[in-house]
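The sequence and the model are shown first, and a description by topic follows.

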Amino acid sequence: MIGFALRRLVGFAATLLVAAAVIFLLLDLLPGDPARFVLGINASEASVAALRAQMGLDAPAPERFIRWVIGMAQGDFGLSSTQKVPVAGLIAERMSVTFPLSMLAMVLSVVVGLPIGLLAARRRGKAVDTALMALAQTGIAIPNFWFGMLLTLVFAVGLRWLPPGGFTPWGENPGAALRALILPGLALALPQASILARVMRTALVDVAEQDFIRTARAKGMTRDEALWRHGVRNALLPVLTILGLQFAYLIAGTIIVENVFYLPGLGRLIFTAISERDLVLVRGATIVLVVVVTATMLLVDLTYALVDPRLRREAP
Amino acid sequence: MSLARSLALAMAGLVLATGAALAQPTEIRIGVALEPPALDPTAGAAEAIDVVVYQNVFEGLTRIDETGAVQPGLAESWTVSADGLTYRFKLHDGVRFHDGTGFDAEDVKFSFERILAEDSVNAQKALYAPIEAVEVIDPLTVEIKLSRPDGLFLFNLGRGDAVIVAPESADNNANEPIGTGPFAFVQWDRGSRVILERYEPYWGDKPALTKATYVFISDTATMTNALLAGDIDGTNNFAPEALAVFEGNPQFKVLVGSTEGETILATNNRKAPFDQLKVRQAMAHALNRSEIIEGATYGYGVPIGTHFAPHHPYYLDLTDTYPFDPDAARALLAEAGFPNGFSATLKLPPVAYARLSGQIIASEFATVGIKLELINMEWAQWLEDVLTNKDFDLTIVSHVEPFDIGIYADPNYYFGYDNPEVQALNEQLNASIDDGERKTLAQEIETIIAKDAVNGYLFELAQTGVWNARLTGMWQNAPIEGVVLRDIHWVD
Amino acid sequence: MNARRLLAHPSLTIGIAASLLLALLGLISLVWTPYPIEQVQIARRFADPGLAHWLGTDHLGRDMLSLIMSGTLTSFTVALLAVLIGIGIGVPMGLAAAAWGGAVEWLVLRISDLTFAFPAVIVAILVTTLIGPGEANAVLAIGIFNIPVFARVARGGALSIATQDYVAAARLAGLGNAAIAWRHLLPNIMSLIIVQGTIQLSLGILAEAGLSYIGLGTQPPATSLGLMLRDAQSLFLIHPWLSIAPGVTIVLIVIALNIAGDGLRDALDPRLRRQELGHAAG
């Protein structure tokens with residue numbers, strides 16, 4: 001196990017370094033002058049040149065890459081070109097929205113998806129099962145930004161139970177902050193809950209046909225008891241792995257929902273930063289995302305291997 | 001009645017009374033589509049910066065009022081020498097910056113030297129080039145000497161690019177703007193909102209609002225929901241396509257006003273076939289202005305026949321110079337050597353009016369044989385391709401600077417129009433400070449550039465604001481970029 | 001795999017039939033649409049569904065039925081090309097990892113991690129900023145994201161087969177890794193690939209909608225279902241139909257594809273479901 005873990009960690013570090021290089025190279029290729037963008041249509045060549053020098057855009061590439069990597073190792077992600085504040089601070093601010101949002105979406109998807117899957121499996125073949133699975137099919141098929149709009153119209157504009165968007169910082173009003181995340185969390189959770197329901201059902205149905213369930217029933221347990229004590233635990237493994245992947249996907253994929261609910265999240269930060277050619281910010285934010293996603297997958301692999309020694313060859 | 005009940009009633013009465021007194025709100029939440037990249041209007045061109053801080057946090061020597069006229073600002077009065085080269089300003093007394101430091105003539109000198117410095121990052125530095133020297137006569141008097149007379153000088157002093165800043169705080173204005181205005185900056189939650197609060201020691205008339213929050217919402221549908229749910233109280237410029245939601249609604253008022261934005265189909269005059277007058281005339285005949293205005297601005301745009309704002313006293317209605325006539329267009333193209341039309345690209349920046357106009361124009365041009373390829377790009381790309389490298393055929397953009405007809409006198413400007421006659425007229429215009437003379441010169445230029453069909457003159461952008469019906473004091477027109485909070489207040 | 005067994009699964013039949021029908025709707029638009037989609041007619045905008053325009057017209061007076069047909073084609077094309085990229089690059093990668101093992105496998109897994117780690121939206125944004133927005137970027141971004149998915153599926157599937165006797169026999173007979181991968185591993189994982197393909201196809205349709213919604217995918221005058229949703233979003237309260245039509249179309253296509261995928265999985269090999277779980281998980 002230790003050997004496996006070490007090998008994965010080395011792989012993790014290698015992936016990160018390559019990712020950093022890729023990000024750096026790609027962004028260097030971006031057309032569009034950041035200095036010109038800040039100063040606008042009527043600015044003179046001299047002003048633009050002055051700002052370019054100020055922004056340090058004229059040093060050679062390898063030098064800038066090394067400076068960047070070393071800086072990051074020390075927690076310094078540089079100064080945003082357009083906003084003149086440390087990138088690390090900006091990212092932390094935005095993470096305080098995106099991270100809880102992803103967690104909330106995951107919790108909601110589990111709370112809604114797993115019981116539905118369980119119910120469908122228990123009643124498999126009956127009308128309830130078909131209805132629930134049809135619901136799940138639809139849930140996967142609805143674009144989450146569309147669903148978000150619908151939620152806003154009903155709960156925010158119509159009923160006024162929840163805010164239509166925006167975000168108050170946690171420090172200012174934690175209750176309001178949480179309320180602001182509910183509708184976007186639901187929008188994100190819908191497809192995930194539907195997937196979980198289907199996976200849970202399939203896993204349980206599969207497990208139910210296996211020998212050890214029949215043994216348990218032979219020992220006198222009812223079908224439900226057997227399903228719960230043996231089935232669910234075994235079905236949870238693929239479900240757990242999906243959850244891990246979902247989290248990684250959520251963190252990175254929230255930008256569209258952030259737009260719909262005007263949340264100051266990480267996705268929107270990157271989007272705006274790229275349109276404004278704020279290369280320092282884009283680099284920093286992207287690498288943070290990459291780290292979070294890769295780390296999550298690392299954890300998933302390690303947990304999987306811990307639980308099932310057969311998979312230590314390297315989880316597929 | 002028992003004592004307890006009387007007390008309870010008294011308490012209830014007290015709560016109700018204070019509640020009623022507090023019911024007159026003094027705070028406002030304003031929705032804004034674009035978040036500014038920074039908050040220093042003297043170091044960046046984004047209109048979004050002025051929307052938040054112009055005349056709210058910062059002030060200049062003069063200020064522009066809702067009609068576009070020049071009013072006294074930090075300067076309570078001024079005199080101009082007979083030759084128009086020396087301006088002496090008398091400054092208000094007792095003015096403080098928001099960090100407590102005092103304001104005096106030294107700050108004025110500092111602000112202008114900063115604009116004109118070698119390494120200045122002021123986006124409109126060229127406008128202030130005529131300034132030769134700024135002299136402090138005494139703490140409340142400052143004299144500015146120009147190298148030549150400038151008819152727009154006082155107006156230019158009132159722009160966001162020339163607001164007065166303090167040497168103690170200027171360097172950090174991008175993040176923490178410190179000005180002399182009626183509102184002080186409180187905080188900026190990036191990606192989310194900017195909060196301003198009334199500055200109690202303000203030197204002038206105190207505004208009615210005590211707190212203003214600018215909330216950044218880029219998506220129209222989202223902004224609609226935010227307005228309907230009451231999460232924001234209004235927005236100064238709402239997308240015209242969804243105005244119908246608010247027009248019949250008694251809880252809202254829709255304010256339709258003018259802006260300084262001339263929207264044009266900019267043509268690269270240097271590049272064939274656009275260097276031929278007949279080709280440009282053909283394109284002008286192929287444009288169906290009313291269809292474009294209806295489709296792109298839902299009828300709120302105002303047609304223009306030249307590069308000038310229709311609401312301006314100097315405007316000349318030249319919309320009939322080349323009326324919509326596809327047959328005439330085809331004939332002119334044939335005469336110019338393109339009987340089967342030609343192909344060209346149309347580069348479009350990321351604004352709704354440009355993207356929509358682009359599609360409509362492409363369809364209109366197709367009927368006369370001009371095949372347009374639409375290329376959508378982000379602002380950064382557009383600035384590089386079109387503005388800097390002049391690598392384009394056609395593009396659509398709105399020029400929002402007030403009184404910017406002078407761009408037609410710059411042969412190096414992106415559309416490359418080089419007419420010595422216009423250049424000479426423009427020089428005279430800049431130097432003149434007589435209103436009648438300026439009007440004549442301006443109209444001469446307007447006529448020439450219309451006849452030469454330099455660009456396709458489409459429409460003047462309207463400002464379509466949506467506000468809570470109980471608000472009043474908002475500017476209906478936008479003679480200059482900004483959302484001025486000074487007169488806004490709630491009524492019952 | 002035989003036709004009778006396929007037809008015995010109703011969900012499969014329904015799913016495939018529905019998907020083909022919708023794809024056909026899109027294909028027809030290649031040669032004919034009721035009206036040309038570039039034709040802007042402001043005077044006829046926001047028309048209600050009627051005889052002249054069966055599904056009405058949009059904010060530029062363009063015929064909605066023509067737009068839906070053309071949009072369906074675009075969505076399908078983008079998603080299909082992205083799947084082909086995923087299969088074309090991902091499957092050989094996965095097979096190589098399974099057949100060679102060792103350093104090759106390590107490399108494949110790291111590349112896989114790397115591609116997985118790059119949020120698809122970010123890739124799309126970067127590609128767009130480099131080469132401009134358009135369908136090509138959507139294809140590229142979604143395709144890149146499909147590669148590690150197919151690599152994992154191919155590898156997982158191949159690994160579970162590679163232990164079997166006939167592979168051992170092939171090795172004894174002197175066949176090299178490449179030949180084994182080609183002749184034995186590949187045919188046996190085909191069913192897995194097909195099933196995953198339908199899933200990624202439906203995900204691709206949703207991803208294209210999302211990318212077009214934020215302005216990075218299809219550009220006018222071309223159209224796609226996602227772009228139609230984007231254009232109609234701000235008008236939702238005034239002209240809801242403009243948003244409902246493309247939205248419902250997306251939902252129908254995705255459901256059809258998913259049902260087809262489920263049906264395929266059930267019909268091709270019940271064993272697959274168990275393997276599927278393993279891969280869906282990892």
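## Basis of the description

This is a predicted model, in which local features need pLDDT of at least 70 and side-chain atom pairs count only at pLDDT 80 or more, while totals for chains, interfaces and linings use all residues. Residues are numbered from 1 along each chain as its sequence is written, and chains are lettered from A and ligands numbered from 1 in the order in which they are written.

The pLDDT is the predictor's confidence in each residue, from 0 to 100. Chain B has a mean pLDDT of 90, with 95% of its residues at 70 or more. Residues 15–23 of chain B have a pLDDT below 50, and this stretch has zero contacts in the model beyond near neighbours in sequence. Two residues are in contact if their C-beta atoms, placed from the backbone, lie within 7 Å.

## Chain A

Chain A has 13 helices and zero strands. Helices (H or I, at least four residues) and strands (E, at least two) are DSSP runs, numbered from the N terminus. Of the 316 residues of chain A, 47% count as buried. A residue is buried if 20 or more other C-beta atoms lie within 10 Å of its own, exposed if 12 or fewer, and partly exposed in between, with C-beta atoms placed from the backbone. Among the contacts in chain A with a separation of 6 or more, 69% join residues 24 or more positions apart.

## A helix pair in chain C

Two packed helices are described by the angle between their axes and the distance between the axes. Helix α2 (residues 10–31) and helix α3 (residues 64–100) of chain C have axes that come within 7 Å and cross at roughly 110°. Axes are lines fitted to C-alpha atoms, for helices over the stretch in contact, and angles run from 0 to 180 degrees between N-to-C directions.

On the side of α2(C), the residues in contact include L22(C), L25(C) and I28(C), and on the side of α3(C) they include M69(C), L73(C) and F76(C). By class, this contact has nine nonpolar, four polar and no charged residues. Ala, Val, Leu, Ile, Met, Phe, Trp, Tyr, Cys and Pro count as nonpolar, Asp, Glu, Lys and Arg as charged, and the others, Gly among them, as polar.

## Sheet and hairpin in chain B

Four strands of chain B form an open sheet in the order β4-β5-β7-β6, with antiparallel pairing. Two strands pair if DSSP finds at least two bridges between them. The edges are β4 (75–80) and β6 (131–138) of chain B, each with a single partner strand, so one side of each has no neighbour in the sheet. Neighbouring strands are turned by 20° against each other on average, direction ignored.

Six bridges join β6(B) to the antiparallel strand β7 (residues 141–146) of chain B, and V136(B) stands opposite V142(B) in β7(B). Helix α3 (residues 105–116) of chain B packs on the sheet, where it touches β5 (86–91), β6 and β7 of chain B. The direction of this helix makes about 165° with that of β6(B).

Elsewhere in chain B, β8 (residues 183–189) and β9 (residues 193–198) pair in the antiparallel sense over six bridges. F183(B) stands opposite R198(B) in β9(B). Three residues lie between the strands of this hairpin, in which G191(B) takes a positive phi near 85°.

## Buried helices in chain B

Eight of the nine residues of α5(B) are buried, so this helix is largely enclosed by the rest of the structure. G230(B), with a positive phi near 80°, follows α5(B).

In α8(B), the buried residues include E291(B), I292(B) and I293(B). Their cover includes β13 (302–303), α10 and β17 (456–468) of chain B. Just after α8(B), Y298(B) has a positive phi of about 55°.

## Contacts between chains

Chain B brings 40 residues into contact with 43 residues of chain A. The side of chain B that touches chain A takes at least two residues each from β10 (211–216), α5 and α11 (379–388) of chain B. Of these, α11(B) gives the most, with seven residues. This side divides into 19 nonpolar, 12 polar and nine charged residues.

The contact of chain B with chain C takes 20 residues from chain B and 18 residues from chain C. The largest share of the side of chain B, four residues, comes from α10(B). The residues of this side divide into 10 nonpolar, six polar and four charged.
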